[in-house]
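Work through the following exercises with the sequence and the model open beside you. Try each task before you read its solution.

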Amino acid sequence: EVLWPDYSPLPHPATRQIMFVQNAIWAPKRIEDYKNAEVLVCSRHLANYMRRVYFANVVGKVTPYLDDDPWHVTHKQSNRTFIFSRRNNYHEAMKLALEAEGSPVEYVTEPLTQVQISEKLADCEFYVHLNHPEGWPMACVEAMRMGTIVVGTTGGGGGEFMFNRETALVVQDPENGHYHDPLEFVNRIMEQMRILREDATLREKLWKQGEAWARRYTAEATLEELKQVLA
């Protein structure tokens, strides 16, 4: 995975030069870096971005997958909401807005292991996703597998499994990559949260369909995608 901006691969004549890009923000910023590389991505959203912005030779998509453990449906505490502190200024305002309307909040500011995340999600009815852009927001799929309803932006790549009022409640991603006014974003999410609180039928539909969709992301499915790329 490309994790630094000055990445300059050294091609070997006997090998293919394949660059895996998981998120556009970590990708090299010079078009010439992609001249001889085959680019592998994790979502259609990212494939389109890499082709459009860097004219990259995108050879395929390899989707992340979830281990069977520790993700499983658990009993929820009504209105309890999980929030990650990420690389933006939305999360604190989101926490305050939820608490102002009486929702208990599980607010995480430190790195967690998969097991720790599952333990935090276990009794949360909702997960609010605030991060964008993202190549493929794993946190949303993890929440869906736990039977936790996802509300927020798709981050771009989440468009492959976050379908509004089907598997999640989606607040549209901004075209410029961020909201100029954080309160606008928070207010849009709060509007969706109020809808959910008043509609038990919608809540049941979202968590059940979300959990079913998240079961598609298995090691076997990822392996098949990788085989197609390397064939």
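**Exercises on aromatic rings**

Tyr34, Tyr49 and Tyr54 are linked into a cluster by ring pairs. The model is predicted, with pLDDT of at least 70 needed for local features and 80 or more for side-chain atom pairs, while totals for chains, interfaces and linings use all residues. Residues are numbered from 1 along each chain as its sequence is written, and side-chain values use heavy atoms, leaving out hydrogens and water.

**Exercise 1.** Find how many aromatic pairs the whole structure holds, and classify the pair of Phe84 and Tyr127.

*Solution.* Begin with the rule: rings of Phe, Tyr and Trp (its six-membered ring) pair if their centres lie within 6.5 Å, and planes under 30 degrees apart count as stacked, over 60 as edge-to-face and the rest as tilted. A search of the whole structure gives ten aromatic pairs. In one of them, Phe84 and Tyr127 lie 6.2 Å apart centre to centre with 80 degrees between the planes, which makes the pair edge-to-face. Phe84 belongs to strand 4 (residues 77-84) and Tyr127 to strand 6 (residues 124-129), so the pair ties together parts that are 43 residues apart in sequence; strands (E, at least two residues) are DSSP runs, numbered from the N terminus.

**Exercise 2.** Decide whether Phe84 and Tyr127 are buried or exposed.

*Solution.* Recall that buried means under 20% relative accessible area, exposed over 50%, and partly exposed in between (1.4 Å probe, protein chains only). Phe84, at 14% relative accessibility, therefore counts as buried, and Tyr127, at 1%, counts as buried too.

Definitions and conventions: Helix = DSSP H or I, 4+ residues; strand = E, 2+ residues; numbered from the N terminus.
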